[in-house]
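Here is a friendly briefing to read alongside the model. Have the sequence and the 3D view open as you go.

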Amino acid sequence: MALQILGKVSSRVRLFVIGALDSQVDIYNKIIRINVKWQPPPRGWFKVNIDGTFKSNYLEGGISGVICDYKGQWRTGYHKKIQATSPIKTELQAFRHALQLIIREHIFPIEVETDATEVIRFLQDDYPTYNNLIYECRRLMEEASRQGTITLKHSFREGNMMAHLLAKAALVQRSYNKLCIYVLPPEFVIDVYDKDQDGYIYVRSCSRDQCGHIIALGNDNALQGIILAYDGICINDNVNGHDP
């Protein structure tokens, strides 16, 4: 299955940047500072940010999603408490639920964004432990692709904070598999929602090697950061620093 993993910058630019990194192996482990923010989708598109969180002591998880339009306006949000066995299985279940929603409500064109690199990689490469769930996600992705335009890409946690907060909130629910839908942003995500709309910038450190890997997974912030670092440009903003 060929996944459509794209960001706002063309795939030709991505290949050029990755090729430039490959030609400079000696800089792979150098650390750069990357400006990270929630990126709105292209005009006329929607974006769903998804997340899953896992509590190993109770073998339970929370899955969530937030759908916004190209202006950054909240369209809907949801979360659900589930029984789970691992962090990655929880992330895959979050992805499956988002695909089911996209297909059922016919929400196209749409970007799906996750901070779990494994979700993207496992959809391209088999992983025996979760094969049944992975195959189901592939089937749903193919079905969605037949209905409309859908892309899947990676985001840093800082660009995925609303979904992260919703997934954590799911864990306090008493019942499993009870979907909670928010037609407006709930109070506990308002601060992050306002920051996302305002283009609030976080800063995190990342090796150029790591950047090269996640650029290939469609991470726009990593791509912009590595281009600036490659050109020797330093940006000093009034931002909130954060290291991974």
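Among the chain's contacts with a separation of 6 or more, 77% join residues 24 or more positions apart, where contact means heavy atoms within 4.5 Å. This is a predicted model, in which local features need pLDDT of at least 70 and side-chain atom pairs count only at pLDDT 80 or more, while totals for chains, interfaces and linings use all residues. Residues are numbered from 1 along each chain as its sequence is written, and side-chain values use heavy atoms, with hydrogens and water left out.

**The chain overall**

- The chain has 8 helices and 9 strands; these are DSSP runs numbered from the N terminus, with helices being H or I of at least four residues and strands E of at least two.
- Of the 244 residues, 53% are buried, meaning under 20% relative accessible area with a 1.4 Å probe, protein chains only.
- The accessible surface of the chain is about 12000 Å², and 49% of that surface belongs to carbon and sulfur atoms; the areas come from the Shrake-Rupley method with a 1.4 Å probe.

**The sheet**

- Six strands form an open sheet with mixed pairing, in the order β6-β5-β2-β3-β4-β7; two strands pair if DSSP finds at least two bridges between them.
- At the edges are β6 (150-154) and β7 (180-182), each of which pairs on one side only.
- Neighbouring strands of this sheet are turned by 20° against each other on average, direction ignored.
- Strand β5 (residues 110-114) pairs with β6 in the parallel sense over 5 bridges, and I110 stands opposite I150 in β6.
- Helix α5 (residues 161-170) packs on the sheet, where α5 touches β2 (46-55), β3 (60-69), β4 (74-83) and β7.
- The direction of α5 makes about 145° with that of β3; angles run from 0 to 180 degrees between N-to-C directions, and axes are lines fitted to C-alpha atoms, for helices over the stretch in contact.

**A residue to look at: T53**

- T53 lies in strand β2, and T53 counts as buried because its relative accessibility is 16%.
- Beyond its neighbours within four places in sequence, T53 contacts E60, G61, G62, T90, A167, K168 and L171.

- Helix α2 (residues 87-105) and helix α3 (residues 117-124) pack at an angle of about 75°, with axes 9 Å apart.
- α2 and α3 are therefore roughly perpendicular to each other, a term for angles of 65 to 115 degrees.
- I88, E91, L92 and F95 of α2 meet E118, V119, F122 and L123 of α3 in this contact.

Methods
Parallel < 35°, antiparallel > 145°, perpendicular 65-115°, else oblique. Buried < 20%, exposed > 50% of the residue type's maximum accessible area, 1.4 Å probe, protein only.
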